[in-house]
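I record what I looked up in the order in which I looked it up.

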Amino acid sequence: MVDAGGVRAHVTVAGADERDTAPQLASDALLAQALQGGSATAVVEDGGRVFDVVAVPVPGSAPQAYLLLALAYDTVLARHLQQLTALATSFVRVGAGTPAQLLGSSLPEAQALPALLAGAGAGDIHRTHDGRHAYRAVTVARAGEARVQVVLQRAFADVLPVFERMRSLMLMLALASVALALGAGLLMAHALTRPLRKLTEAAQRIRDGDYRVPIEVRSADEIGMLAESLNHMRQSIAERDERNQKLAYSDTLTGLPNRTRLIRSILHGIEQARTEQGIQPNSWVPEPGHGHAAVMLLDLDRSSRSTTRSATRWATPVLSLVSKRINQAVRPADTVARLGGDEFAVALPRADESVAREVAKQITQALKAPIECEELNRELKLMDENPVEYDSSIDVGASIGIAVYPEDGVDDQTLLRRADIAMYAAKRNHAAWALFDPRHEVARLEHLSLVSDLRRAVAEAELRAYYQPKVDVQTGRAIGAEALVRWEHPQRGLLSPAEFMPYAEQTGHITWVTKWMLAVTLRQCGAWAAAGAPLQVAINLSTRDLLRPDLVGEVRKRLADHAVPPHLVCLEITEGTFMQDPERALKVLHELHALGVRLSIDDFGTGFSSLSYMKRLPVHELKIDATFVQGMATGDKDVAIVRSTIELAHNLGLKVVAEGVEDERCLARLREMGCDIAQGYLLAKPMRRKHYERWLKARDGVDIGAKAADAEPQIEHIELAG
Ligand code: C2E
Ligand code: CA
Ligand code: CA
């Protein structure tokens, strides 16, 4: 307390701690200032401590009293300040010429020391020398020359974790957003690229020729539209491809695979057999068929026993039925193909001899049952054709030839050729099937060399015409003869047509034989006619003959050259002959008819034509096949067939010839049925001209031998060109 009225002051001190310093705080200068101005402040130093002192007059006091408030710049204040500011606080006294002095600090002295040392640079924020703290020094009081600075200080170590945390938080945030962006990007990319990838894959599949797998991209956007149009394209390519495949690899008539597909299957079977040969090195017993593959060729032998059949359109349903039966008889892995005509082939993978034989047995069994009217009509219905009516059934047999890889051949062509050779062997031996045997090939080669000899045979007069009489059933008189060829081979002796005609037919050499026969027999016919014996001569024509362009001209020329009355010449053709190209054959038949020669349908009943079809042909005569004629002895069925054939043929204005008449009973029956002409061993076997003339004389008293002696025909050079 300072008495304002006096010079002396009495100081009362509140705060025991400061009891010693209080008198010094109330310095004279402060008091003088207070007396003048009412209140005053001063910085007071005392014993190494610095105070900020405020003197405030106490109102209403007399003598005037002053309240002195002293604030020490010391550790206590520094700690207070630190609590308020969260900054380490130190007070430093900086005097001119004296070292800086630490007045107090919220830090331990060692840590405050940097602040003390750095006392100079007030105002700015500095970094301590050790780099661990940041500080700022501000002058808060002046006492004469000396200043009191407050140093606010913070260790980086305290602040950094916050930054660290913030930094890692920010880093995490950045990472998270990157991850999020990445995820979203991926998701979008996935949504976009997956269908695109699928489309690309599909396009590649299409490029590689696989059109079957549909493209499964379902979306409403452009990609979806693209997929849809690609799918559309794929489907139409697939359909077109399938159509093309069908055309390229299947037989249009039966829908069966064709030769191309067959060869593929054979090659595949060979390949499989090859790889399997080495597969079972540990197996003692080879599995049946493994390491093998077989090829089968099959030729139909058809004969039908009916008289009221409908038309040539039968061939198709019959073939279709037969192919179905064959297909059902083979194993699922086998490929049945149609090679054309009545020829089929089967590729049998994993089949050795015994397996192939078993399959052949199954096929033979499947074809055994005759095709009945009902079955045929079912097939016709499937083909959208009108049903037919017939009183009997069609028998379809087959000759099968088998060749097995690798024994009979190691490539497709050899196997096929040898299966073909085996098939002919089966036909020759009247067997259902035959496995290839090297002896077959020798026989076949002999036949082929035989055929190549044919040209020589014709040129060097090795062929012979034999005559088999045709006799009027009612009168018993011979009306003429069928001319049948023989070959007097210099080494092999007399060969029957069966031994060389099938091959001559295949190679086309048959036309030479026909030319020769026409030349010789028409000359003979002319000679007989000139000698007063108008005897008919019947000559057989093959398919090749009927379709060759020079036939009509040739017949016309021979007729003219030898002055043959045309009605004495009969040309025999089988149904098969005109079936190959009916249009053209019909045209040729009309031209021949116009020449005035007679036309005869040979082997009637073994093909598929019907009597009503015959009506369209300009034919005069029908020869019932020997199988029906001879069948009459044992079966009522054949009796009925022959009887109705005769009746119907007569209704159409045709003469009927019965072939193969071997016994009297048969001839009597034919006579009773009204048959016109008979031919067969009962009447006479085919004979040389001289024998025939002798036979005629003995039978009918016709002595043409003497009359025609001058007309003995000489076989002259025959033009073989063409
Ligand atoms: P094809 O035209 O049916 O001739 C009838 C065949 O039956 C002849 O056999 C004949 O000898 C035989 N034959 C006649 N009567 C009887 C009989 O009572 N019983 C038996 N079992 N057979 C009888 P061939 O002479 O061996 O002629 C066979 C086939 O060769 C002929 O059948 C014909 O298709 C063909 N052929 C013969 N010569 C010629 C020809 O010059 N040209 C053509 N293109 N083919 C011919
Ligand atoms: Ca004949
Ligand atoms: Ca015949």
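Entry 1. Is Glu-482 buried or exposed? I find Glu-482 buried, because its relative accessibility is 4%; buried means under 20% relative accessible area, exposed over 50%, and partly exposed in between, with a 1.4 Å probe and protein chains only.

I am working with a predicted model, in which local features need pLDDT of at least 70 and side-chain atom pairs count only at pLDDT 80 or more, while totals for chains, interfaces and linings use all residues. Residues are numbered from 1 along each chain as its sequence is written, chains are lettered from A and ligands numbered from 1 in the order in which they are written, and side-chain values use heavy atoms, with hydrogens and water left out.

I looked up its donors (N, O and S atoms within 2.8 Å of the metal, or 3.2 Å for Na, K and Ca; water is not among the atoms, so sites may look incomplete). Glu-482 (OE), Asn-540 (OD1), Glu-572 (OE) and Asp-602 (OD) coordinate the calcium ion (ligand 2) at 2.1 to 2.3 Å. Along the sequence I read their spacing as E-x57-N-x31-E-x29-D. Within this set, Glu-482 in strand E15 and Asn-540 in strand E17 (residues 536-540) are 58 residues apart, and the pair links distant parts of the chain. Helices (H or I, at least four residues) and strands (E, at least two) are DSSP runs numbered from the N terminus. I note Asn-540 as partly exposed, because its relative accessible area is 27%.

I find both buried: Asp-602 has a relative accessible area of 7%, and Glu-659 one of 11%.

Which residue bridges the two calcium ions? I find that Asp-602 does, with the calcium ion (ligand 3) and the calcium ion (ligand 2) 3.9 Å apart.

Entry 5, on ligand 1. I count 19 residues around ligand 1, the closest being Gln-468, Glu-482, Arg-486, Glu-662 and Tyr-681; a residue is near if one of its heavy atoms lies within 4 Å. By class, this shell holds 8 nonpolar, 5 polar and 6 charged residues. I then looked up the polar contacts (pairs of N or O atoms within 3.5 Å; within protein, one must be able to donate a hydrogen and the other to accept it, and residues adjacent in sequence count only if both atoms are side-chain atoms). A polar side-chain atom of Glu-662 lies 2.6 Å from a nitrogen atom of ligand 1, and a backbone N or O atom of Val-485 is 3.1 Å from a nitrogen atom of the ligand. Tyr-681 places a backbone N or O atom 2.7 Å from an oxygen atom of ligand 1. E15 gives the largest share of the shell, 4 residues.

I place Ser-105 in strand E5 (residues 101-105) and record it as buried, at a relative accessible area of 5%. A polar atom of its side chain lies 2.9 Å from the backbone nitrogen of Leu-107, and the backbone oxygen of Thr-89 is 3.5 Å from a polar atom of the Ser-105 side chain.

Note on methods:
Ala, Val, Leu, Ile, Met, Phe, Trp, Tyr, Cys and Pro count as nonpolar, Asp, Glu, Lys and Arg as charged, and the others, Gly among them, as polar.
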